[in-house]
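Please open the structure in a viewer and keep the selection panel at hand. The tour below moves from one selection to the next.

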Amino acid sequence: MQALYGQILLGLINGAYYALLSLGLSVIFGLLKIVNFAHGVFFMLGALLSSLLLDQLGIGYWWSLLFVPPLLGLCGMALQITLLRPLQELDHLYGLLATFGFALIVQGLTQIAFGSAGLPYAIPQSLQGGQNLGFMILPNYRTWVILVSLALSVAIYLLVERTSLGALLRASTENADRARSFGINVSGLVTLSYGLGVGLAAFAGVLAAPMLQVRPLMGADLMIVVFAVVVIGGMGSILGSIVTGFSLGMIEGLTRYIYPEASNTIVFVLMALVLAIRPNGLFGKVDP
């Protein structure tokens with residue numbers, strides 16, 4: 001049973017990363033209608049920058065968690081203005097290819113600068129250790145990752161679905177021309193949304209740094225599954241990203257316990273089944 005509980009906990013951890021990353025992708029897709037292939041790069045940069053800040057400047061985990069996501073969010077906004085905004089009148093495929101090329105360039109440069117081997121990052125002292133639940137030891141840091149990811153996911157959902165800013169975002173998504181006629185700064189909202197999505201990816205990267213090897217391809221490896229999560233939940237669906245991210249993490253963990261050989265493919269099998277039954281995803285809008 002300890003092995004089962006351990007895999008469930010690991011599934012929740014992976015689900016937390018899936019939820020945050022797919023949430024950022026959904027926020028970006030909602031306004032730009034492109035799949036952001038640079039998303040995994042910002043996840044990696046969040047982890048890498050926090051590691052460099054600790055090694056070079058002695059800036060610890062909590063300060064990195066506070067400052068790295070906004071900093072990379074601003075970088076994402078600059079990327080949207082300089083690279084994606086000039087392409088917004090063209091087919092969305094151009095934006096997809098542009099972000100894919102940007103991701104390859106950044107991954108190549110980081111491999112040249114830091115190599116392919118992983119960089120260590122210690123768990124902060126305040127979150128070390130664990131709690132003995134009788135049937136298993138629950139590490140404090142893993143508990144923190146799950147709780148903060150869930151809290152942030154709920155906060156983003158409430159921001160988009162229950163606030164006036166969220167109403168403006170949804171209006172700009174559904175009909176950009178009409179939103180502009182009412183004086184809404186659609187371009188500014190698009191840039192802000194892209195920065196928010198990138199900031200979520202960077203936040204997930206800082207969370208992942210003490211648990212994963214900080215290396216140039218860490219984001220690319222994870223994003224393969226995250227894209228499947230977004231498709232299953234429904235492209236652009238905030239609720240779908242949260243529910244599907246955590247759920248698929250759990251399913252993946254249980255599969256590792258029941259039938260380990262299928263753990264790397266179960267997500268894609270579920271994606272194929274969902275697309276066959278409901279092409280718009282579980283929470284995606286059905287076209288009239």
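Surface patches here are built from residues with over 30% relative accessible area and no salt bridge, like charges being joined within 9 Å and nonpolar side chains (Val, Leu, Ile, Met, Phe, Trp, Tyr) within 5 Å. A salt bridge is a side-chain nitrogen of Lys or Arg within 4 Å of a carboxyl oxygen of Asp or Glu. Accessible areas follow the Shrake-Rupley method with a 1.4 Å probe, and for residues only the protein chains shown count as cover.

Residues are numbered from 1 along each chain as its sequence is written, and side-chain values use heavy atoms, with hydrogens and water left out. The model is predicted: local features need pLDDT of at least 70 and side-chain atom pairs count only at pLDDT 80 or more, while totals for chains, interfaces and linings use all residues.

**Confidence**

Colour the chain by pLDDT, the predictor's confidence in each residue from 0 to 100. The chain average is 87, and 98% of the residues score at least 70. Among the elements (helices, H or I, of at least four residues and strands, E, of at least two, taken as DSSP runs numbered from the N terminus), α3 has the highest mean pLDDT (93) and helix α6 (residues 164-174) the lowest (79).

**The nonpolar patch**

Select L239, V243, L282 and F283, which make a nonpolar surface patch of about 300 Å². L282 sits in the segment after α11 (266-277). With a relative accessible area of 45%, L282 is partly exposed, a class between buried (under 20%) and exposed (over 50%).

**Aromatic pairs**

How many aromatic pairs does the structure hold? There are 8, where rings of Phe, Tyr and Trp (its six-membered ring) pair if their centres lie within 6.5 Å, and planes under 30 degrees apart count as stacked, over 60 as edge-to-face and the rest as tilted.

Select F37 and F100: this pair is edge-to-face, 5.4 Å centre to centre with 80 degrees between the planes. F37 is in the loop between α1 (2-32) and α2 (39-57), and F100, 63 residues apart from it, is in helix α4 (residues 92-114). F37 is partly exposed at 30% relative accessibility, and F100 is partly exposed at 38%.

Next, select Y61 and Y141, whose ring centres are 5.8 Å apart with planes at 70 degrees, so this pair is also edge-to-face. Because Y61 lies in helix α3 (residues 61-84) and Y141 in helix α5 (residues 140-162), the pair ties together parts 80 residues apart in sequence. Both Y61 and Y141 are buried.

**Helix α5**

Finally, select α5, whose buried residues include Y141, V145, V148 and I156.

Definitions and conventions
Buried means under 20% relative accessible area, exposed over 50%, partly exposed in between (1.4 Å probe, protein chains only).
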